[in-house]
Amino acid sequence: MDPEDLHFDNERLNPNSDDDGQTPPPGSLGRESVGEACSNIAAASTPLGVTGRSQSAQSAGTRRHSWVWRHSTIVKNFRNAQGIDLGPRAVCNYCPNNYTCSSNGGAGHIERHLINKHKKFKHTIVGQDSGESGGIDTVGGKSNFVYSQSSMREGLVLYVVAAEQPFTFGDDIRFEYFVKHYLQPLFSKVSRNTTRSDSLKAFIEVRKILISEIAALGSLVSFTSDMWSGRNDLGYISVTAHYIDSNWILNKKIIAFRLMEYPHNAMNIFQCTMGVFREFEIVDKVFSITFDNHSANTSSIELFKHNLTISHAGQFFHVRCVCHIINLVVSDGLKTIGPQIEKIRDAILYIATSPARQQEFEGLCASYNVKPKKIKIDVKTRWNSTFLMLKSCRNHTDVISAYVNSKYNGGLIRADWNIAFEFMNFLKKFYAATLACSGVRYPTTCLVLNHLYNMSHTLKSHRTKPNFVVACKSMEDKFNKYFENMPTIFIVASAMDPRIKLKGVEKLLKGIGENLGIALPSTSTVTELLTSIYASYESKFACTTAAAAPCSSSINDPCSTSNNDNDPSWFLISGLGSSETCSRSELTQYLEINLVTTEDLQSFDILAWWKKTEKTFPILSIMARDLLTPHVSSVASESAFSAGNRVLDERRSRLAPDILDCLICLKDWEDARLGIQKCHPREEFRDYFSDSDIDAD
């Protein structure tokens, strides 16, 4: 926009402007209310069309705001090569091309010419609506913004949805006043209904892009799903897609947040989920689905298997939520120290539920030479919150006991704290496993065996200690119930991890079996399983040219030092060698190269490694992509429910199901585009206990 035009608009839109055309400072506008000021602005300004230009200027054809007019010349009586007068034409300043330039014809065709034919305009950002242009002209290092009302609406709706704002956000007269006076005088507020319809339009457009993206994948898609009841007492089902794209980036997208009709049985779960698969055209691309252990979810698996074409005879299709299993295991163990935990919880609850008692407690902290802090209670049904609650109390045990025992006969003694902290240390590996398996931006199937070994190692080392005999027995029984028949997805996915491979898998399975006294698959069984799966991929994706056999030392340079002494599983695997023999089979070549040994094995980027070696192992990389995609926890779907609670609040409890689906999905897609999706949904309690010393050992 030319400075002259902007100056003119300021005079027109700001009746309080000084005589020299300068807008007075904000303070001088304070003589009238915000509502009065906005009313005056609306009354004084000429009605604006969709392009942001005044109607009189449009009709006269004398004011042209688009950046293209600075790079073209209007010839009133343009004559072609035959000498025929074509009337007014816009002639490009850089080539002989000419175009129509009627006042109501827009400038999109000239924009496309400049951007497509002249390289210096390739970074110019323009409006997306027909008949107008808006954007940033970067020619010559200058940035001249051109306002576009429709482009503003597109950006506004994405902000409103992603920031969980109400549809009335753009219709607020105070917001309009702020934008017009301090950002853009041509801004026109957007009504609630317009924002609502814009959100549905954006949802449909982005969904089309997502459908095309998934259709173009060279790999399969895995899903997580869970159910939730909102504050309106209706049931909803969340379906989240996980896939690795061509750049070897693991994507997580919530593709449905649907109203679930009663009863919430296996048939309705199946029908609702299959409806989502059909809408996204992914019926033939389903690799696995992760559910929690609810009986209806488990029963629906057979319905899926009978109605989907599932690879590998369905042995990888159903993945049980590992975090849910860990929760069941730990909950059984916590029951054995229930009396001690209850005494501590009651003491903290007594302090935390009264501002007066909280203030007295903080005053008492000074006399004990400890930092005053706000005591926070845990959530009984979430064992990880109990774990963090105990960690947050480590430096305040004496002052907590002294305060509550002086107020009421709480009977909280040092022995109670000792038992609680001893059990807290015992649960460290279980907590670490929960966090690792909850991540959504990195593969988790290849991590399960490591954490199962770590937890089994902890159970073995504590089962003979007096305070843990009963707890370990109860926890081991529950542990064995779910993992005695080890899911094959965890075995083969771990083999696709270049830090572990086949020999590491064999050691981990043997270690878990010895720690828990159970029989797990043998070396020959694992080898046969891996070979069989690879053969199916080889028959389907056989390359016309044989892949070059990699040298055993060319993929990674092993480091001599390791920083993994605190993780028993990596200590177990470390030092495994390999032969120098190359083979024609990609699987054999992969298994024969040296194990990856970096300074920190736990921070190793497995997807970056496979991206680097994709050309070396073209078939095996496809197999790895599918096996590393499934998510071992339904937490990815559960995270949608936190957003559901905020969107479907007491003021918006009557949101239509299709609008709620639109808001939840579009927010997740926009967060994914900006790279701000939560990596660890289970870390929500870390924010809750953020003022506590929970990270110290």
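This is a chat about one predicted model.

Student: What should I know before I start?
Tutor: The model is predicted, so local features need pLDDT of at least 70 and side-chain atom pairs count only at pLDDT 80 or more, while totals for chains, interfaces and linings use all residues. Residues are numbered from 1 along each chain as its sequence is written, and side-chain values use heavy atoms, with hydrogens and water left out.

Student: How many helices and strands does the chain have?
Tutor: The chain has 28 helices and 10 strands. Both are DSSP runs, numbered from the N terminus: helices are H or I with at least four residues, strands are E with at least two.

Student: How many of the residues count as buried?
Tutor: The figure is 51% of the 697 residues. Buried means under 20% relative accessible area, exposed means over 50%, and partly exposed lies in between (1.4 Å probe, protein chains only).

Student: Which residues make a nonpolar surface patch?
Tutor: Phe178, Tyr182 and Leu183 make one of about 320 Å². Patch residues have over 30% relative accessible area and no salt bridge; like charges are joined within 9 Å, nonpolar side chains (Val, Leu, Ile, Met, Phe, Trp, Tyr) within 5 Å.

Student: Where is Phe178?
Tutor: Phe178 sits in helix α6, residues 173-182. Its relative accessible area is 39%, so Phe178 is partly exposed.

Student: New topic. How many salt bridges are there?
Tutor: A search of the whole structure finds 24. Each is a side-chain nitrogen of Lys or Arg within 4 Å of a carboxyl oxygen of Asp or Glu.

Student: What does Lys189 pair with?
Tutor: Lys189 meets Asp171, at 4.0 Å from N to O. This pair links distant parts of the chain, 18 residues apart: Lys189 is in the loop between α6 and α7 (192-215), and Asp171 is in the loop between α5 (149-162) and α6.

Student: Why are Glu342 and Arg345 about one helical turn apart?
Tutor: Because they are three residues apart in helix α11, residues 338-352.

Student: Is Arg345 buried or exposed?
Tutor: Arg345 is buried, at 8% relative accessible area. Glu342 is partly exposed, at 32%.

Student: What about Arg625?
Tutor: Arg625 has a salt bridge with Glu614, and the closest N and O atoms are 3.1 Å apart. The two are 11 residues apart and link distant parts of the chain: Arg625 is in helix α25 (residues 618-628), Glu614 in the loop between α24 (606-612) and α25. Arg625 counts as buried at 8% relative accessibility, and Glu614 as partly exposed at 26%.

Student: Last one. What does Asn480 touch?
Tutor: Asn480 touches Leu516 and Ile518, not counting residues up to four places away in sequence. Contact means heavy atoms within 4.5 Å. Asn480 lies in helix α18, residues 469-483, and is buried at 14% relative accessible area.

Note on methods. Areas by Shrake-Rupley, 256 points an atom, 1.4 Å probe, with all protein chains shown as cover.
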